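Visitor: I would like to go through this model by its secondary structure, one question at a time.

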Amino acid sequence: MGLLAESKSRKRIQNDPNNTRWTRDTTTFGQKMLRSQGWEPGQFLGAKNAAHSEYHTAANASYIRVSLKDDMKGLGYSKSKEDEVTGLDVFSDLLSRLNGKSEAEVEEKVQARLQVKMHQYVEQKWGPMRFVRGGLLVGDNMQEEDDSSDDSESSTAADDKIPAATKESKKEKSKKRKAASLKDDDELSADDEDDEKKKKKQRKEERRAKKLAKSGSNESSDSEKAKKKKEKKEKKEKKKSKKDKALTEEEGDEDAMELDNALNNSSSASNGGPEKSKSSKKEKKDKKDKKEKKDKKDKDKKKRKKSDTSDTEMPDASSAVASRSGTATPVTTGTSTPRGGFVTPRSRFIAQKRAAFMDAQALNQIFMVKA
Amino acid sequence: MSVAQRVADEMDVTLGEEVGYSIRFEDKTTPKTMLKYMTDGMLLREAMHDHEMSRYSCIILDEAHERTLATDILMALLKQIAERRPDLKIIIMSATLDAQKFQKYFNDAPLLAVPGRTHPVEIFYTPEPERDYVEAAIRTVLQIHASEPEGDILLFLTGEDEIEDACRKIALEAEELTREMDAGPLAIYPLYGTLPPHQQQRIFDKAPGPLRKGGQPGRKCIVSTNIAETSLTIDGIVYVVDPGFSKQKIYNPRIRVESLLVSPISKASAQQRAGRAGRTKPGKCFRLYTEKAFKKELIEQTYPEILRSNLANTVLELKKLGVEDLVHFDLMDPPAPETMMRALEELNYLACLDDDGELTTLGGLASEFPLDPALAVMLISSPEFYCSNEILSITSLLSVPQIFVRPASSRKRADEMKALFAHPDGDHLTLLNAYHAYKGQETSDPSSAKQWCHEHFLSYRHLSSADSVRAQLKRIMETHGLDLISTPFEDKNYYTNIRRAMLAGFFMQVAMKESSGKVYRTVKDEQAVLIHPSTVLRTEYDWVLYNEFVLTSKQYIRTCTGIRPEWLLEIAPVYFDMDTLEDGDIKRSLARAAEKKRRKEAMKKASR
């Protein structure tokens with residue numbers, strides 16, 4: 001999409017669309033009246049030296065400007081598009097080389113970037129993949145019940161399943177990695193609630209543990225950050241492996257969000273007001289721009305903080321609870337899954353299935369045969 | 001009203017005696033009344049005749065955070081009065097976060113914080129901006145329904161069409177979800193201002209129960225405009241979905257257009273929306289934008305009405321309230337100077353203010369009517385045109401919401417029905433025709449009037465409220481000695497008189513057709529406008545007067561009536577002064593009309 005690809009509708013601009021002729025005209029009755037009462041152009045109306053005048057804004061100086069919104073774009077959507085600068089990646093690579101980064105490091109970044117792009121492409125093209133919740137990873141120990149789960153993948157399933165899907169997370173996967181021995185069986189998303197309860201229990205335990213092991217809050221929040229990053233990276237790796245199967249996944253954030261959700265649930269009672277800890281902010285920012293920036297930061301920070309992380313895991317988790325409780329964290333939809341809408345979900349579903357059966361490659365995919 | 005009832009019950013007195021209320025068309029008070037509930041507008045009207053508010057020893061101004069025009073003016077007045085009357089106690093109640101601003105404004109008055117009884121609400125943002133906020137909203141609702149525990153959903157959208165559309169889509173998807181995944185039933189209710197009251201009431205229905213015993217519990221989802229943000233409280237809401245937009249009315253004094261456009265809400269408004277989720281138990285608010293967008297793109301506070309409105313009426317009220325110095329009137333948010341100028345200018349042309357800025361007799365009379373100055377002036381001068389009855393009806397019809405109903409499901413039929421009442425000369429006369437038909441029906445067979453309205457796609461509710469507005473205005477006219485007269489219907493000037501009478505108030509809202517095409521151009525402001533598609537105007541008039549100039553997707557003039565240019569010179573010679581008009585098509589056309597008229601009169605004289 002180039003600069004010229006935006007709107008093609010043309011509009012003739014009138015002679016004086018803002019009627020500045022009227023504004024400039026100093027002979028109008030209104031202007032005469034105001035001047036006679038001591039008003040000068042550029043001044044606010046209202047009491048002289050009013051105590052509350054510090055609250056006056058541009059809207060008190062001139063009428064409010066509006067712009068016509070004739071599309072369905074969400075708040076901040078177009079801006080973010082504009083923010084995307086092409087070619088900056090290569091430049092930043094160059095800079096990092098100049099800054100003395102090793103070739104391998106740069107290469108790693110390039111790969112990570114490609115991955116993100118690929119992920120976005122796949123998601124836009126075929127829609128996201130959904131997963132059901134497995135157990136819960138708490139700190140270091142795996143709480144793993146009968147409910148371990150794996151991808152119940154159906155990247156183009158009927159639309160009515162969308163909502164349930166987005167909730168699913170990769171956190172389970174990272175957990176799984178650690179636990180290393182999980183059976184893959186499908187599960188319905190209804191189990192979410194169970195899991196959340198479990199999580200709560202675990203959190204409680206952790207909080208108790210926290211009381212015992214008091215660590216400097218700064219340090220702990222740092223380490224928490226690092227831990228987050230680690231988790232994320234794990235996710236990413238997981239993702240990569242996924243992609244090999246040419247399947248798509250939900251955004252990497254979701255697991256983090258899911259976790260947050262659970263955390264919040266457990267601790268919202270104790271912690272009221274929205275306190276915005278630095279760590280959570282940063283974390284969010286990272287999430288938002290899933291571009292190379294993130295990867296860069298992640299990696300760098302990780303390197304830097306590896307030492308911190310070597311603290312016990314217990315304070316980490318507890319500080320996570322403390323710092324995140326009450327703060328706002330995204331749990332919902334993830335980013336737009338660009339699907340066509342809701343028009344004919346059923347017929348499309350059928351058509352897709354039919355198409356899949358005609359296609360040998362797709363069949364392999366469905367039966368997970370590596371051909 | 002319901003509050004007054006409740007308080008009267010709890011005090012064990014009859015409503016209307018010790019405890020009374022006063023709203024626009026109803027005054028339920030007696031000399032015995034000690035406690036009076038009233039709207040801000042009513043108190044302002046009282047203050048016009050009683051500058052000291054001497055009837056009251058204590059005034060509580062509630063919902064001050066809504067910052068309506070009347071509230072803002074009242075606050076400024078009360079601030080003044082408090083200096084003169086140390087005995088008067090004033091309490092301002094507001095749900096705002098910017099209490100400091102209020103406190104500063106009221107000379108550092110003591111501030112009492114009353115903690116709310118609300119539950120915590122978790123806020124969620126999306127990690128990325130949304131491509132399509134409506135679709136994202138629908139998906140969020142479905143996701144909540146599928147995966148969140150019991151609790152009702154409130155979704156904020158911007159307008160009627162969008163809401164109805166979203167309701168349809170959600171219903172479709174939810175049905176499938178229920179059928180295929182055994183989710184609980186989902187009841188969906190739209191909510192917007194023009195919805196008939198019985199449908200609005202449905203939002204208070206209980207959420208549906210599980211389909212069968214032991215099944216997933218049902219829930220309800222309300223899709224609303226921002227009227228659910230403040231004006232109305234629905235219990236049981238646990239989830240709020242907020243795309244971050246609302247339709248806002250904004251007035252542009254330069255081109256005198258009122259726009260009703262979708263724009264981002266304010267932070268305060270977003271918090272208010274989120275707060276709706278925590279009324280019965282801890283809730284969740286899903287914002288369909290990023291936290292960055294929340295911080296960077298939303299303004300702090302919603303603009304108060306005084307910054308968004310045409311102030312002609314306000315200035316007239318202020319004059320009547322005895323405010324001389326408009327420039328230094330101590331409002332919490334002083335309006336833009338240009339808006340004030342435009343208002344003064346309009347009032348001057350309407351002869352409500354003389355050239356020194358003093359209220360004229362006409363202006364004083366106009367302020368007695370709870371109407372826009374243009375409408376009031378039109379009404380007051382209508383006896384001169386022998387049609388005050390008809391103008392009275394038209395005025396009341398213009399003061400209520402659109403009486404023609406046009407449901408999306410049967411647009412064609414509705415248009416056919418409207419065509420029955422259509423008058424070739426314009427929309428005002430069409431309104432009048434419909435009203436006369438309604439009155440005829442009502443007198444001949446009152447019981448079937450409602451049914452008749454339904455059949456003819458007319459809003460019974462709005463027609464009957466127009467009726468009561470008419471009765472109220474009629475009383476005011478009678479007390480001020482304005483005659484109620486009509487030209488006989490058989491007279492060929494019946495409709496001409498009405499059209500001319502309307503010009504007496506609306507001569508500043510006139511547009512002339514450009515030589516090419518359908519585009520009209522407003523006089524003096526030179527704005528290109530289109531006649532709104534809802535018009536019945538068939539005859540190609542070169543000159544039209546319009547009731548409102550709105551900016552939606554295009555610049556439209558709505559409710560138009562055809563006029564003749566020579567009338568303009570006759571009825572509003574000051575506004576259409578040939579010496580000061582800009583050169584151009586409009587001036588040429590007017591000059592031609594004047595010339596033609598002069599010749600005609602000369603011929604008449606000669607033939608006599």
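Visitor: At about what angle to β8(B) does helix α6 of chain B run?
Guide: This is a predicted model. Helix α6 (residues 160-181) of chain B lies across β7 (152-156), β8 and β9 of chain B. Its direction relative to β8(B) is about 175°.

Visitor: Which residue in β9(B) is the bridge partner of B:Ile188?
Guide: β8(B) pairs with strand β9 (residues 219-224) of chain B in the parallel sense, over six bridges. In β9(B), the partner of B:Ile188 is B:Cys221.

Visitor: Which strands stand at the edges of the six-stranded open sheet of chain B?
Guide: The strand order in this sheet is β6-β13-β10-β7-β9-β8 (chain B), with parallel pairing. Each edge strand has a single partner strand, so one side of each is left without a neighbour in the sheet. The edges are β6 (121-125) and β8 (186-191) of chain B.

Visitor: Which strands are at the edges of the sheet of three strands in chain B?
Guide: This open sheet has mixed pairing and the order β2-β1-β3 (chain B). An edge strand here pairs on one side only, which applies to β2 (26-28) and β3 (35-38) of chain B.

Visitor: What is the bridge partner of B:Val19 in β3(B)?
Guide: Strand β1 (residues 19-23) of chain B runs parallel to β3(B), and four bridges join them. In β3(B), B:Val19 has as its partner B:Leu35.

Visitor: Which strands does helix α1 of chain B touch, and at about what angle to β1(B) does it run?
Guide: Helix α1 (residues 2-11) of chain B packs on the sheet. The strands touched by α1 are β1 and β3 of chain B, and its direction makes with that of β1(B) an angle of about 175°.

Visitor: Is α2(B) parallel or oblique to α3(B)?
Guide: Helix α2 (residues 40-49) and helix α3 (residues 69-84), both of chain B, pack with their axes 9 Å apart and at an angle of about 45°. That angle makes α2(B) relative to α3(B) oblique.

Visitor: How many nonpolar residues does the contact of α2(B) with α3(B) have?
Guide: From α2(B) come B:Asp40, B:Gly41, B:Leu43, B:Leu44 and B:Ala47, which meet B:Ala70, B:Thr71, B:Ile73, B:Leu74 and B:Leu77 in α3(B). By class, one residue of this contact is charged, two are polar, and the number of nonpolar ones is seven.

Methods. Residues are numbered from 1 along each chain as its sequence is written. Chains are lettered from A and ligands numbered from 1 in the order in which they are written. This is a predicted model: local features need pLDDT of at least 70, side-chain atom pairs count only at pLDDT 80 or more; totals for chains, interfaces and linings use all residues. Side-chain values use heavy atoms; hydrogens and water are left out. Axes are lines fitted to C-alpha atoms, for helices over the stretch in contact, and angles run from 0 to 180 degrees between N-to-C directions. Helices (H or I, at least four residues) and strands (E, at least two) are DSSP runs, numbered from the N terminus. Angles under 35 degrees count as roughly parallel, over 145 as roughly antiparallel, 65 to 115 as roughly perpendicular and the rest as oblique. Contact means heavy atoms within 4.5 Å. Ala, Val, Leu, Ile, Met, Phe, Trp, Tyr, Cys and Pro count as nonpolar, Asp, Glu, Lys and Arg as charged, and the others, Gly among them, as polar. Two strands pair if DSSP finds at least two bridges between them.
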